[in-house]
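Please keep the sequence and the model in view while reading.

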There are 2 protein chains.
Amino acid sequence: MFLLNGESRHCVDVSDRGFQYGDGLFETIAVCNGRPLFLQRHLNRLLAGCRRLLIPPPDLSLLESEARQLSAGADRAVLKLMVTRGIGGRGYRQPDQIVPTRLFSLHPSPNYPDSYQTDGIVARFCEWRLAINPGLAGIKHMNRLEQVLARAEWWDESVQEGLMFDSNDCIVEGTMSNLFFAKAGILHTPLLVNCGIEGILRQIVIEFAIRYGLGLAENHFNKQDVLEADEVFVTNSVIGVWPVKQLENQCFDVGRITRDIQQWYAGACEEEANL
Amino acid sequence: MFLLNGESRHCVDVSDRGFQYGDGLFETIAVCNGRPLFLQRHLNRLLAGCRRLLIPPPDLSLLESEARQLSAGADRAVLKLMVTRGIGGRGYRQPDQIVPTRLFSLHPSPNYPDSYQTDGIVARFCEWRLAINPGLAGIKHMNRLEQVLARAEWWDESVQEGLMFDSNDCIVEGTMSNLFFAKAGILHTPLLVNCGIEGILRQIVIEFAIRYGLGLAENHFNKQDVLEADEVFVTNSVIGVWPVKQLENQCFDVGRITRDIQQWYAGACEEEANL
């Protein structure tokens, strides 16, 4: 199901700057019980991204109503929202009047095995680096070649995620997730000032840590920091919280902090889905 | 005029990875006298880019024939070719069988004043940096937010181009051009191992330098190197060779080396266009 500028279409004009240059942003939203979860957070992040890219955002109440319209009736699904700078301008120069393109699309929820959540996943380190670019760091823009090429490094179905470094050898995040690890009872997550995406679930986990009195360290970390952790997990809005049971040759238990966060998140989702 | 996968269409499926992630490449080709100029060079660069991005290229003879088909009858035009990884795959993961999308589009030649070529243009330095990313350096991929945002720094019609630095303060290129400068009879151009696009005209100018015995220095340069040059010019396939007559507060004459290169390039274009 698609809603392109409010119409039921799934073809975009090739002159759209989203196609020409990746000139836009997107949100990937979990749908449960006919409701888009944490919709306000996603829309707020989209707004912040539009401000950074100088794209006048579509009307928020319109976005909200279209999101709810597409989600209604879907028990479990994934709702994607894309906003581009639209058509026009000469070359890279933007048009004098920007008319943003908005696209909603509803997708089936991926059929991940329950064991990914209960027992954990296998991850690897990627060769492809995330370029250091503070101006674009944190926002979920449409220039995603780094992630595409990092993901292309492995075909092995027994590996679920790859972790990426920046060009300073700092560990940043997974190809499609944010990264957390626990050491001596303190929750750690990479600081995303240079690259990476500030995930919605990442922010929620950080808030849990503060709310429930978990020590939290948000900083630059390296490969050894992760390999020497007690627990490791990755997060995104679609997968939730996946423990990492193995990273290259290093094995990890699914620890107490990971379980607590899974539980708190499940509770938050139930509230959002009005279950 | 558009040719999308050989059909006269100008709408692309929103699931195309070129739209979703900027997962593809493009070429911008000058058309003169019904002929796409330096077509083989453009197709070779596209091939090299496809290899780097692991995209199986469309059949070369098909690309060539469609390029000639669209160009025939156009006295002066701009032919754009885009090749994406097509539709499919789950998230960033590419499809098992990649069926690339190819799009040709023909555009009117921009109506630049003759004075840009004869007297030169005004340029400025940009704040937006080119991120250092050797894996993507040189190729003309579709992730162009850096160029979009650098170009958005100025509206002033009296400034024609902005020059960009990388995060090591090395001067790299313009938002839509490559950069050359001459000092004491030696031609200089930034080395593009970390970022930037290896332009077709850039390569032709380098070959001129070698062929006609001009000293050539391809290296890392900084702001001062450019400001202290005797001559400065920028190049791309559509504009040709534009002298820079003013860069911020620094003025430059249009020098002998620039004029020679303009002349050699005009001759090469005449040959290509069979005039």
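Which residues of H3(A) are buried?

## Basis of the model

This is a predicted model, in which local features need pLDDT of at least 70, side-chain atom pairs count only at pLDDT 80 or more, and totals for chains, interfaces and linings use all residues. Residues are numbered from 1 along each chain as its sequence is written, chains are lettered from A and ligands numbered from 1 in the order in which they are written, and side-chain values use heavy atoms, without hydrogens and water.

## Helix H3 of chain A

Helices (H or I, at least four residues) and strands (E, at least two) are DSSP runs, numbered from the N terminus. H3(A) covers residues 60-71, twelve residues in total. From first C-alpha to last, H3(A) reaches 16 Å, close to the 16 Å expected at 1.5 Å a residue, a span taken as 1.5 Å times one less than the number of residues.

The buried residues of H3(A) are Leu63(A), Glu66(A), Ala67(A), Leu70(A) and Ser71(A); buried means under 20% relative accessible area (1.4 Å probe, protein chains only). Down the helix axis these residues fall within an arc of 125°, so they line one face of H3(A); the arc is that of the directions from the axis to the C-beta atoms. Just after H3(A), Gly73(A) takes a positive phi of about 90°.

## Cysteines

The count of disulfides over all chains is zero, a disulfide being a pair of cysteine sulfur atoms within 2.5 Å. The sulfur of Cys32(A) has its closest cysteine sulfur in Cys269(A), at 7.2 Å, too far for a bond. Cys32(B) is likewise in no disulfide, with the sulfur of Cys269(B) 7.2 Å away. Cys32(A) counts as buried at 16% relative accessibility, and Cys32(B) counts as buried at 15%.

How values were computed:
Buried < 20%, exposed > 50% of the residue type's maximum accessible area, 1.4 Å probe, protein only.
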